[in-house]
Amino acid sequence: MLSTSHLRCPLCRQPLELRERSLFCSKGHCYDIARQGYVNLAPRAKENFYKKELFESRARVFEAGVFEPVVQAISEAIYTHVPSEHPVVLDAGCGEGYYLRSICPDRQMTRIGFDIAKQAVQLAAKAAKDASFFVGDLAAIPVLDGCCDVVLDVFTPANYGEFARVLKPGGVLIKLAPRAGYLCQLRKAAEDQLRHHEYDGGQVERYAQQHMQMKEQRTITYTMPVDSDLVFHLARMTPMLAGVDLSAVDLSGITEITVDETLYVGTMA
């Protein structure tokens, strides 16, 4: 299901309207709907680290329930801080769409997700029929001003100016960022190839607090058992191991994995 009423043209910033299988703006710019049901609103986007294999591994990890407690925490934040009966939720950097389609399963919401990685958006559109997905640029989000009740940012570099623009007055940003213990077992196993052996989330936290009026801040930390197949997919999915030659990393001793994150909820300062 593709909702177009909240989208704007990335070239001229005019609203987009649906005509048959394409989106048009008043200046005649046209964007076709792909057969998978998504729209590419960043046709000049360059390829990056986030390849199809990474998102396929993410899907395997999500199916195993590794991040279900994170989904629960996001859902609780929406129930607590978003009173609208039918909120518009924008997932900035949605990847293959797991969080957007999983949060608040019993709540009627307009779910919109975008990512700069085309292959991720293709997977997202195939998996979720009650959400809209498009390829988009975080630097110039092709969404109309003041149309979102929630912006969801899970490990995505924050563009607070764009988040403030697309949020309604009083709308909330829900941001998740890794803490020092996040996937520490994997980082320990690959430490010989890493430039930084420890992760410090202090800079992200300071930046968030500078741009958000905090309504809630909580820590999500847990450790769970994993098998060798899941360990491989966790290693292949995380950008923390970008550039690491996994064939040279001994993952055999890892039998559990730690998820360690901070959840921030706030309005824009």
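1. Aromatic pairs come first. This predicted model holds eight of them. One joins Phe114 and Phe134, and the two rings are stacked. Their centres are 5.6 Å apart, with 10 degrees between the planes.

2. Where do Phe114 and Phe134 sit in the chain? Phe114 belongs to strand 6 (residues 110-115), while Phe134 belongs to strand 7 (residues 132-135). The two are 20 residues apart, so the pair links distant parts of the chain. Phe114 is buried, at 2% relative accessible area. Phe134 is buried as well, with 1% relative accessibility.

3. Phe155 and Tyr182 make an edge-to-face pair. Here the centres lie 5.0 Å from each other and the planes are 75 degrees apart. Phe155 is in the loop between strand 8 (148-154) and helix 5 (160-166). Tyr182 is in the loop between strand 9 (167-178) and helix 6 (184-189). The pair therefore ties together parts 27 residues apart in sequence.

4. Tyr182, at 4%, is buried.

5. Ring pairs also build a cluster from Phe62, Phe67, Tyr98 and Tyr99. Beyond its neighbours within four places in sequence, Phe67 is in contact with residues including Phe62, Tyr98, Tyr99 and Tyr182.

6. Now the cores. The largest nonpolar core has 57 residues. Phe67, Ile74, Tyr99, Ile174 and Leu186 have the most contacts inside it. Helix 2 (residues 68-81) gives the most to this core: six residues.

Methods. Residues numbered from 1 in each chain as written. Predicted model: local features only at pLDDT ≥ 70, side-chain atom pairs only at ≥ 80, totals over all residues. Heavy atoms only, no water. Core = buried A, V, L, I, M, F, W, Y, C linked by side-chain atoms within 4.5 Å. Buried < 20%, exposed > 50% of the residue type's maximum accessible area, 1.4 Å probe, protein only. Helix = DSSP H or I, 4+ residues; strand = E, 2+ residues; numbered from the N terminus. Contact = heavy atoms within 4.5 Å. Phe/Tyr/Trp six-rings, centres within 6.5 Å; stacked < 30°, edge-to-face > 60°.
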